Amino acid sequence: MYPKHFVGIADLDRSRLHAVLERAARLKHDLKVGRPHPLLPGKVAALIFQKPSLRTRVSFEVGMGQLGGRGLYLSPAEVGLGQRESPADVARVLSRMVQTIVARTYKHDDIVALAENATIPVVNALSDLEHPCQALADLQTMAETFGKLQGLTLAYVGDGNNVTHSLMLAAPQFGVNVRIATPPVYRPSAEVTRQAEALAEEDGTEISVMDDPYAAVRGADVIYTDTWYSMGQEEEAAERRPIFREYQVNDDLLRAAGPNTKVLHCLPAHRGDEITDAVIDGPASLVYDQAENRLHAQKALLVELLGAPPGAEE
């Protein structure tokens, strides 16, 4: 009955990824002009979150409400995923009660296990391998800012983490060139890099990974950064800061990129570490547009996975 899961970017092919972004733009416009769009009436999304969340939880709960459904938040204490209850049991039980599972986990394997045992779509709301919903919102933000995606260059500066992985896998399929500057020991996954390079070759775009942040941002349309230490890595902060110091997105780096370069950050930000106040609060920042677009991109994704009533989007 249902389409595939969204455990990672690769779960949707190029045409479906494009369809999601096109729908996201329509839904955003509909909301702005006050046009209701109850495309998922009566549907319930179970939100399983092992990690704290602001944008992800609010955007999924509010989004389901705007689509005519409901988001049901399940805290770590209630579920105990992998401890109190196995991912397989959680998936099998929820498949009989709700229409989709949205999971934010520490281990990507837990989301894979949910998807393997669920008969309803499972959405990755963040894992240690990917953050695919974030990449959708990022691309939507770039598209509405520049009026296109084809031919743009995105420079990612910082830690080669889950956000980096999803961007690398999504951007080439929209004609976006990607440059990544990280310290050598914090490179993106070698396997994800191989997958991204294959996609870039197929789509005629470029993927490059380097040490020098200034070389990465020169002439880029967008500079993207994320925290140097993710949730669960706080004890590594003191060790990581001196390694990443030259990868800070500040006025000097922004000037090196060019006068029209924009800045993205998926938040939460550690101001004064990976990005300065002057940049995140400055005229080049698209950070809050980007945060808002989590709502619209995820609504479009949910409609893609769960389906809308016939004629609902006419």
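Reader: Why does Lys28 count as buried?

Author: Its relative accessibility is 18%, and buried means under 20% relative accessible area, exposed over 50%, partly exposed in between (1.4 Å probe, protein chains only). So Lys28 falls on the buried side. Bear in mind that this is a predicted model, where local features need pLDDT of at least 70, side-chain atom pairs count only at pLDDT 80 or more, and totals for chains, interfaces and linings use all residues. Side-chain values use heavy atoms, leaving out hydrogens and water, and residues are numbered from 1 along each chain as its sequence is written.

Reader: What makes Glu144 partly exposed?

Author: Glu144 comes in at 40% relative accessibility, so it counts as partly exposed.

Reader: How do you know that Glu144 forms a salt bridge with Lys28?

Author: The closest N and O atoms are 2.9 Å apart. A salt bridge needs a side-chain nitrogen of Lys or Arg within 4 Å of a carboxyl oxygen of Asp or Glu, so this pair qualifies.

Reader: Why does the pair tie together parts that are apart in sequence?

Author: Because Glu144 lies in helix 6 (residues 132-146) and Lys28 in helix 1 (residues 14-32), parts 116 residues apart in sequence. Helices here are DSSP runs (H or I, at least four residues), numbered from the N terminus.

Reader: What makes Arg35 and Asp30 a salt bridge?

Author: Their side chains meet at 2.5 Å, N to O. Asp30 is buried, with a relative accessible area of 13%, whereas Arg35 is partly exposed at 43%.

Reader: How many salt bridges are there in the whole structure?

Author: A search finds 17.

How values were computed: Helix = DSSP H or I, 4+ residues; strand = E, 2+ residues; numbered from the N terminus.
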